[in-house]
Amino acid sequence: MVNGTDPWMLWHCESCATAWLDPRPDDASLPAAYDFDYVTHRPPAAPRRAGWLTSLIDGYLNRRFGMHRSPSSSLGFAFFSVLAPLRLKLDYYGRHLPPGRGGRLLDIGCGNGDFVALARSMNWNAEGLDPDTAAVAACLDRGIPVTQGFVSDLGATRQRDYWDAVTMSHCLEHVPDPRSMLRDVHAMLAPGGTVWMGLPNPSSLGARFYGLHWESYDAPRHLSLPALDVLLAACRDAGFSHVEPLRRGVHTGRLYRRSAQIARERGQRGLRYASITAALFSLASDLLATVSVRHADELVVVATKAPAP
């Protein structure tokens, strides 16, 4: 729900568990859903606090992604390598990319440009793409290269066999035709290029526990939430030669706190929606997401275009 006054009909497929809105906003009215308190309108993240933990984190990120953060500890890579839930969280932070070495990267739905800036620190020649005027303005204020619009608004040469990597964090659930989007992304990737996708999982523990109070349903902005097997099949149908789901690790703390808060704001009471329950449930869910790709609250998939013959 965007607010407490507008009801939306959410459907679930009993066979595949995909969720979708029907009816959904039309193209003319959908932008109004983004006019307030949306993540793309928010300022860049505040500077991080220095300390021994930050030094360990930066040591891991420097070695894993080719960053050059300072101060950092060389012990960080070894430290997080044996703590799988946290290592997976850090791998997700860099969207599981290799060091860029000057490769071309497009972040679709880039918002305020945080990840474009991060990818550039990983030596990617990164740019953003977003239809939202406020998001584009935030990027330009930071000197981040960005195009306003959709894939069709990129120049013709950048729509085919051009990008070495494309990232889409919580993007696919916003588009009216996800399968068409995947075909477009496959076409724009250079041979051997990859697309990274992160999106809510309608089969997650959180979706089942909190029901319609689960924040990631986010109607009417989220038009459809494909289940994992549906997403993997759609990637293969779009032409990707290799499709791999990745484990998520630690990720549910804020989501469950917010879902419980939504439930309480809607008049729900009891231990089920208490803050302590959200904290304990988050711990259990994150541990499960460390070993299983199917029950995490966020699906992460990397799909690769076949290399040139």
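User: Where is aspartate 218 found?
Analyst: Aspartate 218 lies in the loop between H7 and E8. Helices (H or I, at least four residues) and strands (E, at least two) are DSSP runs, numbered from the N terminus. This is a predicted model: local features need pLDDT of at least 70, side-chain atom pairs count only at pLDDT 80 or more, and totals for chains, interfaces and linings use all residues. Residues are numbered from 1 along each chain as its sequence is written, and side-chain values use heavy atoms, with hydrogens and water left out.

User: Is aspartate 218 buried or exposed?
Analyst: Aspartate 218 is buried, at a relative accessible area of 12%. Buried means under 20% relative accessible area, exposed over 50%, partly exposed in between (1.4 Å probe, protein chains only). Its phi is positive, about 40 degrees, although it is not a glycine.

User: What about the phi of alanine 17?
Analyst: Alanine 17 has a positive phi of about 80 degrees, and it is not a glycine either. It sits in the loop between E1 and E2. At 23% relative accessibility, alanine 17 is partly exposed.

User: Which residues does a cis peptide bond join?
Analyst: Proline 23 is in the loop between E2 and helix H1 (52–65). Another links alanine 219 to proline 220, with omega about 0 degrees. Proline 220 is in the loop between helix H7 (205–210) and E8.

User: E8 again. Which sheet order includes E8?
Analyst: The order is E1-E2-E8, an open sheet of three strands with antiparallel pairing. Strand E1 (10–12) and strand E8 (224–225) are at the edges with a single partner strand each, so one side of each has no neighbour in the sheet. Two strands pair if DSSP finds at least two bridges between them.

User: How many bridges join E1 to E2?
Analyst: Three bridges join E1 to strand E2 (residues 19–21). Tryptophan 11 stands opposite tryptophan 20 in E2.

User: New topic. How much of strand E4 is buried?
Analyst: Five of the six residues of E4 (residues 125–130) are buried, so the rest of the structure largely encloses it.

User: How many bridges does E4 share with E3, and how many with E5?
Analyst: Strand E3 (residues 104–108) runs parallel to E4, over five bridges. Isoleucine 108 has leucine 129 in E4 as its bridge partner. Between E3 and E4 the chain passes through helix H4 (residues 114–121) in a right-handed β-α-β crossover. Right-handed means that, with the strands pointing away from the viewer, the path from the first strand over the helix to the second runs clockwise.
Analyst: E4 also pairs with strand E5 (residues 146–148), parallel, over three bridges. There, glycine 128 stands opposite valine 146. Helix H5 (residues 133–141) carries the chain from E4 to E5, and this β-α-β crossover is right-handed.

User: Are cysteine 110 and cysteine 171 buried or exposed?
Analyst: Cysteine 110 is buried, at 7% relative accessible area. Cysteine 171 is buried too, at 9%.

User: Last one. Where is valine 82?
Analyst: Valine 82 is in the loop between helix H2 (76–81) and helix H3 (84–93). It is exposed, with a relative accessible area of 68%.
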